Amino acid sequence: MTNRVFTSEATTRGIRVKVESTYVPERSAPEHSHWFFIYHVTISNEGEESAQLVSRHWIITDANGQVEEVKGPGVVGEQPKLAPGESFEYTSACPLPTPFGTMQGTYQMVTPGGEKFEAQIAPFSLAEPRAVN
């Protein structure tokens with residue numbers, strides 16, 4: 001069975017956030033209610049001013065409607081500064097107790113002048129291929 005890639009994309013004030021997620025069967029144990037997903041994020045500054053990613057806020061919902069919020073500084077230990085035309089990419093993971101769920105959220109950005117804004121992360125699916133028709 002082919003592994004499906006789910007994507008989402010949103011742009012806020014010139015900051016484009018694209019996400020691709022996929023199921024990782026070799027890291028999953030469905031018999032123990034453990035499904036493992038990876039997601040690859042590309043953050044691109046398509047605007048006219050620099051911005052730095054200072055924190056993240058994820059909202060993760062499993063198939064049972066259980067919601068987990070994850071907040072913290074930066075992403076993968078970094079707080080990237082993006083000048084116009086620059087991008088930053090990283091890959092992370094999300095385990096779930098159900099075969100599918102969703103993620104969405106925001107990155108808190110700050111401009112060189114100190115103005116803060118939330119760059120939206122559009123909702124995307126986390127799904128085991130057999131769990132989706």
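These are my notebook entries on a predicted model of one protein, taken residue by residue after a look at the whole.

**Ground rules**

I number residues from 1 along each chain as its sequence is written, and my side-chain values use heavy atoms, with hydrogens and water left out. Because the model is predicted, local features need pLDDT of at least 70 and side-chain atom pairs count only at pLDDT 80 or more, while totals for chains, interfaces and linings use all residues.

**Entry 1: the whole chain**

I looked up the secondary structure and found zero helices and nine strands. Helices (H or I, at least four residues) and strands (E, at least two) are DSSP runs, numbered from the N terminus. The pattern along the sequence reads β-β-β-β-β-β-β-β-β. The radius of gyration is 16 Å, close to the 14 Å that the globule rule gives for 133 residues, so the protein is as compact as a globular protein of that length. That radius is taken over C-alpha atoms, and the globule rule is 2.2 Å times the number of residues to the power 0.38. I also noted that the C-alpha trace spans about 50 × 25 × 25 Å along its principal axes.

Next I looked up burial and surface. Of the 133 residues, 44% count as buried; buried means under 20% relative accessible area, exposed over 50%, and partly exposed in between (1.4 Å probe, protein chains only). The accessible surface comes to about 7,100 Å², and 47% of it belongs to carbon and sulfur atoms. Accessible areas come from the Shrake-Rupley method with a 1.4 Å probe, and for residues only the protein chains shown count as cover.

For contacts, meaning heavy atoms within 4.5 Å, I took pairs at least 6 apart in sequence, and 61% of these join residues at least 24 apart.

I noted 10 positive and 16 negative side chains, the centres of the two sets lying 1 Å apart. Lys and Arg count as positive and Asp and Glu as negative, with His and the chain ends not counted. Each charge is placed at NZ of Lys, CZ of Arg, CG of Asp or CD of Glu.

**Entry 2: Asn45**

I found Asn45 in strand S3, residues 35-45. Asn45 counts as buried because its relative accessibility is 2%. Its side chain reaches the backbone nitrogen of Gly47 at 2.9 Å and the backbone oxygen of Glu49, also at 2.9 Å.

**Entry 3: Thr106**

Thr106 sits in strand S8, residues 100-110, and is buried at 12% relative accessibility. Its side chain makes a polar contact with the side chain of Glu118 at 3.0 Å. A polar contact is a pair of N or O atoms within 3.5 Å; within protein, one must be able to donate a hydrogen and the other to accept it, and residues adjacent in sequence count only if both atoms are side-chain atoms. Beyond its neighbours within four places in sequence, Thr106 has contacts that include Ser55, Arg56, His57 and Gln120.

**Entry 4: Phe124**

I placed Phe124 in strand S9, residues 116-127. With a relative accessible area of 2%, Phe124 is buried. The C-alpha atoms of Phe124 and Glu20 are 8.0 Å apart, although 104 residues separate them along the chain. Among the residues that Phe124 touches are Thr7, Val19, Tyr39, Trp58 and Met103.

**Entry 5: Thr22**

Thr22 lies in strand S2, residues 15-23, and counts as buried at 19% relative accessibility. I checked Thr22 against Thr12, ten residues away along the chain, and their C-alpha atoms are separated by 24 Å. Thr22 touches, among others, Asn3, Val5 and Phe37.

Ala63 is in the loop between strand S4 (51-62) and strand S5 (67-73), partly exposed at 34%. Its C-alpha atom is 8.3 Å from that of Thr102, 39 residues apart along the chain. Leaving aside neighbours within four places in sequence, Ala63 is in contact with Thr98, Phe100 and Gly101.

Most residues other than glycine have a negative phi. Arg13 has a positive phi of about 50°; it is in the loop between strand S1 (6-12) and S2 and is partly exposed at 39%. Ser33 has a positive phi near 55°; it lies in the loop between S2 and S3 and is partly exposed at 42%.
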